[in-house]
Amino acid sequence: MDGARVAEKRKRAQTGRGRRRTCEEDGGAGQTVSDIEDFSPEEARKVRAALLRWYDGNQRTLPWRTAARRGGGGGGGGGGNDGSRAYAVWVSEVMLQQTQVSTVVAYYNRWMEKWPTVGHLAAASQEDVNDLWAGLGYYRRARFLLEGAKSIVEVGEFPRSAADLRKVRGIGDYTAGAIASIAFDEVVPVVDGNIIRVISRMKAISSNPKESATMKSIWRLAGQLVDPSRPGDFNQALMELGATLCSRSSPSCSSCPVSGQCLALSLSKKLESAEVTDYPKKVLKPKQRQDFAAVCVLEIVQESDLGALKTRNYQKLRVNDYKKSLLLIKRPVEGLLAGLWEFPTVLLAAGADQAARREAVDRYLTESLGVNLGDDYDAIFRQDVGDCVHVFSHIRLHMHVELLTISIKGGLGALEEKGQDLTTWKVVNDDSIRSMGLTSGVRKVYTMVKNFKQKTLPSLAVVGTNTKSNRRR
C-alpha cells in the first residue's frame, strides 16, 4: 500500500467515515482486524514518554514491586540478575490472574513469608500450598506454581528469557513476558485484560477481542510500544493505566496521559453514537452450566460413646457426652478443584428428591469407603440442613446439604481397613477443620451446618474434641 493510500485510510478512520460496523454492533466507527494500523515510531515514542512520566508519579505501592526492586534494578529497570526478583514477579502475576489487587496483597505477603524463595516453595507439599491458597480460587494456579518451582530448582537456575520461561509448566505468554521484562529487562510485551482494553481504545478496535486474529494484532501492537530502555516499567505502566484510569465502565479520559493518542476518545467527540466504553467489543459470556449435588457432612461417633447414645435421646445429649470426627475426602488429582478436600459430594440430576439424594450418598459411601448402612455403620442422626449455591467461573453448583451422624462397627480402624485403596480420606476434629485451608464452597457448607446446629440442635452447637486426625493417602 503506497503512502497516499495509508494517509487517506488514516484520515477516514479518524473522521469516522472509514470502514465501520453498524452502531448496533459496536456503537460507532471502529477498526476491524484488517483495518488496524501499526503504531508509527513517533506515536510509540510519545506513548512511552507520556506513560512512563505518569507511572513514575502515580504508580501504586505494592509489595511485589518493592521486592522486585530489592532483587536488583528498580524503577529505572537496570540490573535484575537475581532470581529472587523473578520469583516475586512470578508469584504476584499468577495470583493477580482473575483476582483483584486488594485481595492479592494479603495472600502474597503470607506466601512470601512462608516461601521466600523458589527453593523454599519447591520443598513444600501440595497440601500446604493449597491451604495457603484457599479462598483465592482457580486452584490450578497454585498447583502450577508448585510444579514450576520444582522444575526450576531441578534445572538449577531461573529461566531468564520469555522463550525459556514458557517452557515451565503453567507459565504462558503473559506471565513469561511479565517476568522477563520486569525481572530481566527483556524487551518483550505483555497482554492482559487491562492492556487489551487500553490498546483496543487507542486503536478503536471493534473486532472481538477473544478471537485469535484480534489477539495476535494486540500482541503485535503491544510489542511496538514496549520501551527498549525500561521494558518492565513500561509494561507495568500500561497495566496500571488499564487498572486505574482506563477502567471498564468509567474511564477517566481527562486524566489519561495518552488521551491524545486514543482514537476511541477522538471518535466519541466526533460521533454522537460513539463512546469510549464501546471498546473493546463486549462479548457475551457463555451461559453457566447448572450442576446439582448432594453434600453430606458426615460425623463419626467414637465407638466408646455408643452406650450413651443408645440410652439417651441424641438431641438431648450434652456436647461433651461424646466425641466425633468429621470425614473429608480428597478430590481427584485432575479436573475441577483437583487434589482439594471436601465433604462427601455426589453429583445429581436436577430435581432429585430427598430419597434419591440419600440413596446416592449411601451408594457413594459404599463405593468410596467400603461401608454399608446397617451392615457396617448405624445412622444415629440424619437431617437435611438446607440448600446453597456456589458459583465458579463456568458453573453454578446447587448443593443440597445434609448432616449425617454415624457410628462404625469396629471404629475408625475398621473404616480404614474397609476403605483401603478405594479413595483418599481423613477425619478431623472441629478445631482442625477451622484452621484448614478449605475452599470457599466447602467452608460455606461447614458454616451452614454450624448455624443449623446452633438454631435447631442447641446441644450440638460445639463439636467435642478429638484425638489426632486419622489419615490415609
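In which handedness of crossing does H5 pass H11? The crossing is right-handed. This is a predicted model, so treat what follows as a guided look at a computed structure.

**Where H5 meets H11**

- Helix H5 covers residues 83-96 and helix H11 covers residues 173-184; their axes come within 9 Å and cross at roughly 145 degrees.
- On the H5 side, the residues in contact are Arg-85, Ala-86, Val-89, Trp-90, Glu-93 and Val-94.
- H11 meets them with Tyr-174, Thr-175, Ala-178, Ile-179, Ile-182, Ala-183 and Phe-184.

- Side chains of opposite charge can pair when their charged atoms come close.
- The structure holds 21 salt bridges, among them the pair Glu-299 and Lys-453, with the closest N and O atoms 2.4 Å apart.
- Glu-299 sits in strand S1 (residues 289-301) and Lys-453 in helix H20 (residues 440-456), so this bridge ties together parts that are 154 residues apart in sequence.
- Both Glu-299 and Lys-453 are buried.
- Arg-331 pairs with Glu-342 in another salt bridge, where the closest N and O atoms are 3.1 Å apart.
- Because Arg-331 lies in the loop between strand S2 (324-330) and strand S3 (341-342), while Glu-342 belongs to strand S3, the pair ties together parts 11 residues apart in sequence.
- Arg-331 counts as partly exposed because its relative accessibility is 22%, whereas Glu-342, at 11%, counts as buried.

- Glu-402 and Arg-358 meet through their side chains in a salt bridge, at 3.5 Å from N to O.
- Glu-402 is in strand S6 (residues 395-408) and Arg-358 in helix H17, so to speak distant parts of the chain, 44 residues apart, are linked by this pair.
- With a relative accessibility of 4%, Glu-402 counts as buried.
- Through shared partners, salt bridges join Arg-357, Arg-358, Asp-362, Arg-382, Asp-384 and Glu-402 into one network.

- Ser-368 and Ile-329 are 39 residues apart along the chain, and their C-alpha atoms are separated by 9.0 Å.

Definitions and conventions
Residues numbered from 1 in each chain as written. Predicted model: local features only at pLDDT ≥ 70, side-chain atom pairs only at ≥ 80, totals over all residues. Heavy atoms only, no water. Axes fitted to C-alpha atoms, helices over the stretch in contact; angles between N-to-C directions. Helix = DSSP H or I, 4+ residues; strand = E, 2+ residues; numbered from the N terminus. Left-handed = near helix turned anticlockwise from the far one by under 90°. Contact = heavy atoms within 4.5 Å. Salt bridge = Lys/Arg side-chain N within 4 Å of Asp/Glu carboxyl O. Buried < 20%, exposed > 50% of the residue type's maximum accessible area, 1.4 Å probe, protein only.
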